[in-house]
Amino acid sequence: MSAGLQNLHFATDQRSVDNLNSEFYGQILYPWPPWSFERVQRADLGVRMLSQDIGYWDRTVLPAEPRIWVAGCGTNQALITALRFPQAQVLGSDLSAESLAVCATNARSLDVGNLELKHESINQASYTSCFDYVICTGVIHHNADPLVALSRLAGALRPEGLLELMVYNQFHRILTSSFQMALWLLLGRPAKPDLVSELPMARRLTNACPPDTLMSAFLATLEETPDARFADALLQPVEHSFTVETLQRAAAGCNIEMLTFCNDAFSRSSSVADWNLEIQDEDLRGLYMALPDAERWQITNLLLAESSPMLWFYFQRTDCPRPRKPERLICEEFLDTRFVRVKTEKEVFSRKLNGGYAGPPTRAPFPGGEPSDPLAKRVFMDLDEGAPFRETLKKMTIEPTFSRCNRLRLQLATSGGPYLEAVE
């Protein structure tokens, strides 16, 4: 998608765009309050699974009491992070004071004491080498220049720090950006966004769109959604988007390197969490698998287009003393590692009628149930906890191909599928 099809007509300068975003998210308070918050009884499990996400099976990649920055935390991401990592000191920052107020109220309701909230823009932050883990999802692409914000995030990492970053996949935003451009033209190319006038006009335009088109089918999925979700999807004032290649290039310019992708909930819900294709043609498969990770993922991005996963990746500093592990190596080590089933509980704090979360939580097994994928479920049930994972597959006569092993790794031994933990 060319820059002309991205929603950049209000992308003037960083401060002006910060003001637009502050006003926008002050009005829509996104994301909306979840039905529940969860806290896993095992305080160390979040860090263990995060380490496994990037292929570290024999040690954790964060210190015992890490410092975490949730940059652009919205209404609930910083609180979710503080509950997930109870041994950490978590800083959540956002340029929307209204969003932070919602987060603070919910944190008090749950008596969360390891969370600090700060009203600031990423572009104004001056943290230098002070965080072990930085989380920034769905934020920098709403800046006038995403690389300015990305450089702030990179600079905040300690030498062995880890960055979790999500930006818009360019192929996912073709329809949204086209709709935004059409609405902007219908409104007479206004000099400044105005949610009050745009929202009703956008609702009308979704109904007036020509039927039996990709656009009408897409808009139908948003017709009954709350205003906050509708506005975030279609009316955000500034929106950049990326491919794997352009994201990797941006990262290199900020002295960070791409590690591997996150097994994120949004991609899992569409069954496309894996960035690797299963190519049947033997010669083409050989060429594809011989490529470095990022080039292989870029081919996946191009061929799957709108069906490719979200651009949700882990990064580290290029001078990090911890070596980057290629995906093939991660899978080989996965096969040679011994795992045990995760068995713990979680506390579930459900939303009350008054909107708060106070009151005694309910308890439930964690992770609870079994993997939904049939093969992953079989392997989980038949796992030999006394032998390397490879031996379980051998006993089940399952060929340990790269593609199959990688999918089992994602479904069973990552933060998105926390069923197995490595035995150190």
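This report walks through selected strands, helices and loops of a predicted model.

## Basis of the description

Because the model is predicted, local features are described where pLDDT is at least 70 and side-chain atom pairs count only at pLDDT 80 or more, while totals for chains, interfaces and linings use all residues. Residues are numbered from 1 along each chain as its sequence is written, and side-chain values use heavy atoms, with hydrogens and water left out.

Helices (H or I, at least four residues) and strands (E, at least two) are DSSP runs, and they are numbered from the N terminus.

Two strands are said to pair if DSSP finds at least two bridges between them. Strand β2 is joined by 5 bridges to strand β3 (residues 89-94), and these two strands run parallel; within this pairing, Trp-69 has Leu-91 of β3 as its bridge partner. Strand β2 is also joined to strand β5 (residues 131-137), here by 3 bridges and again in a parallel arrangement, with Val-70 standing opposite Ile-135.

Together with helix α3 (residues 77-84), strands β2 and β3 make a right-handed β-α-β unit. The crossover counts as right-handed if, with the strands pointing away from the viewer, the path from the first strand over the helix to the second runs clockwise.

## The open sheet β1-β10-β11

An open sheet is formed by 3 strands in the order β1-β10-β11, with antiparallel pairing. Its edge strands, each of which pairs on one side only, are β1 (36-40) and β11 (362-366). From one strand to the next the twist averages 30 degrees. Strand β1 is connected by 5 bridges to strand β10 (residues 344-350), the two running antiparallel, and Val-40 stands opposite Lys-346 in β10.

## Two helix contacts

The axes of helix α14 (residues 327-335) and helix α17 (residues 402-412) come within 10 Å and cross at roughly 75 degrees; axes are lines fitted to C-alpha atoms, for helices over the stretch in contact, and angles run from 0 to 180 degrees between N-to-C directions. Helices α14 and α17 are therefore roughly perpendicular to each other, since angles of 65 to 115 degrees fall in that class, while those under 35 count as roughly parallel, those over 145 as roughly antiparallel and the rest as oblique. Their contact, meaning heavy atoms within 4.5 Å, includes Ile-330 and Phe-334 of α14 and Phe-402 and Leu-408 of α17. By class, the contact of α14 with α17 has 7 nonpolar, 1 polar and 3 charged residues; Ala, Val, Leu, Ile, Met, Phe, Trp, Tyr, Cys and Pro count as nonpolar, Asp, Glu, Lys and Arg as charged, and the others, Gly among them, as polar. Helix α17 is largely enclosed by the rest of the structure, because 8 of its 11 residues are buried, among them Phe-402, Cys-405 and Leu-412.

The axes of helix α1 (residues 14-28) and helix α9 come within 9 Å and cross at roughly 155 degrees, so α1 is roughly antiparallel to α9. Phe-24, Tyr-25 and Ile-28 in α1 meet Ala-228, Ala-231 and Asp-232 in α9, a contact with 5 nonpolar, no polar and 1 charged residues.

## Leu-234 in helix α9

Leu-234 lies in helix α9 (residues 227-234) and counts as buried, at 1% relative accessibility. Apart from neighbours within four places in sequence, Leu-234 is in contact with Thr-176, Phe-179, Gln-180, Phe-218, Leu-219 and Leu-222.

## Loops with particular backbone geometry

The peptide bond from Tyr-30 to Pro-31 is cis, with omega near -5 degrees, and Pro-31 is found in the loop between α1 and β1. Another cis peptide bond joins Phe-366 and Pro-367, with omega about 5 degrees, and Pro-367 lies in the loop between β11 and α15 (374-382).

Asp-111, in the loop between α4 (97-109) and β4 (115-119), has a positive phi near 55 degrees although it is not glycine, and it is exposed, with a relative accessible area of 69%. Asp-212, in the loop between α7 (195-208) and α8 (214-220), has a positive phi of about 55 degrees and counts as exposed at 79% relative accessibility.

Terms used: Buried < 20%, exposed > 50% of the residue type's maximum accessible area, 1.4 Å probe, protein only.
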